[in-house]
Amino acid sequence: MLIEYSDDELMLRYRDGELSAFQELYRRHSRGLYRFLAWRSGRTEWADEVAQETWLAVHHARERYAAQGSFRGYLFQIGRNRLADLQRQPDIDDCGDLSHVQDSAEASALERQQNLALHAAIRLLPTEQKEALVLQHFSGLSIDEIALVVAAPSETVKSRLRYAMRKLREQFKQEETA
């Protein structure tokens with residue numbers, strides 16, 4: 001059963017021609033990758049495009065893949081790089097609209113209001129802190145995986161997360177007292 005294999009083992013099986021291994025990798029990581037791309041880009045059409053390009057890049061790179069211990073970090077790094085390429089294109093306007101990330105059909109009015117406040121507070125964070133926070137809390141990456149994705153030491157990632165959480169706490173503390 002494929003579910004018992006690690007991500008690296010699945011990628012190696014896919015490299016060797018086992019399509020079901022790729023399907024399991026996609027099942028495990030497509031939502032987290034999309035969520036990260038949506039947060040990072042703020043535009044649904046970009047997240048859709050970059051997610052597809054990322055999985056296509058994984059497909060094309062399968063024959064060269066060597067197990068490194070973190071397929072998820074490898075996957076998110078490809079997505080992050082593809083998104084950065086897209087954002088560098090001229091005449092691209094990042095509107096920062098994150099409303100598509102939340103599922104308003106299932107949320108109550110209060111939950112929607114709290115989510116909007118959280119999203120607004122996260123958008124105010126410096127880019128590096130926001131990225132680390134989203135990768136950890138919304139995409140489930142470990143500190144080491146985040147370090148791989150953002151090409152920074154683990155201690156730097158920990159600091160970014162610590163500062164991000166401190167700023168969010170301060171933001172909400174100010175709103176409570178206002």
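R28 is partly exposed, with 25% relative accessible area. This value, like those that follow, comes from a predicted model. R28 forms a salt bridge with E24. The closest N and O atoms of the pair are 3.0 Å apart. Both residues belong to helix 2 and are four residues apart, so about one helical turn separates them. E24 counts as buried, at 8% relative accessibility.

Further salt bridges were examined. The count comes to 10. One of them joins E131 and R40 through their side chains, at 3.0 Å from N to O. E131 lies in helix 6 and R40 in helix 2, so this pair ties together parts 91 residues apart in sequence. E131 is buried, with a relative accessible area of 5%. R40 is partly exposed, at 23%.

R88 counts as exposed, with 59% relative accessibility. D85 is partly exposed, at 43%. Salt bridges with shared partners also join D7, E24, R27 and R28 into one network.

Helix 3 was considered next. This helix covers residues 44-61, 18 residues in total. From first C-alpha to last it reaches 26 Å, close to the 26 Å expected at 1.5 Å a residue. Its buried residues are W46, A47, V50, A51, T54, W55, A57, V58 and A61. Seen down the helix axis, they fall within an arc of 155°, so they line one face of helix 3. On the other side, Q52 and H60 are exposed.

The largest nonpolar core has 45 residues. Within it, the residues with the most contacts are L37, V58, F71, F76 and L135. Elements giving two or more residues to this core are helix 1, helix 2, helix 3 and helix 4, together with helix 5 (109-123), helix 6 (127-138), helix 7 (143-150) and helix 8 (154-177). V58, one of the residues with the most contacts inside the core, is also among the buried residues of helix 3. F76 touches G32, L33, F36, L135, S139, L141 and V149, leaving aside residues up to four places away in sequence. Among these partners is L135, itself one of the residues with the most contacts in the core.

Conventions:
Residues numbered from 1 in each chain as written. Predicted model: local features only at pLDDT ≥ 70, side-chain atom pairs only at ≥ 80, totals over all residues. Heavy atoms only, no water. Expected span 1.5 Å × (residues − 1). Buried < 20%, exposed > 50% of the residue type's maximum accessible area, 1.4 Å probe, protein only. Arc of directions from axis to C-beta. Core = buried A, V, L, I, M, F, W, Y, C linked by side-chain atoms within 4.5 Å. Contact = heavy atoms within 4.5 Å. Salt bridge = Lys/Arg side-chain N within 4 Å of Asp/Glu carboxyl O.
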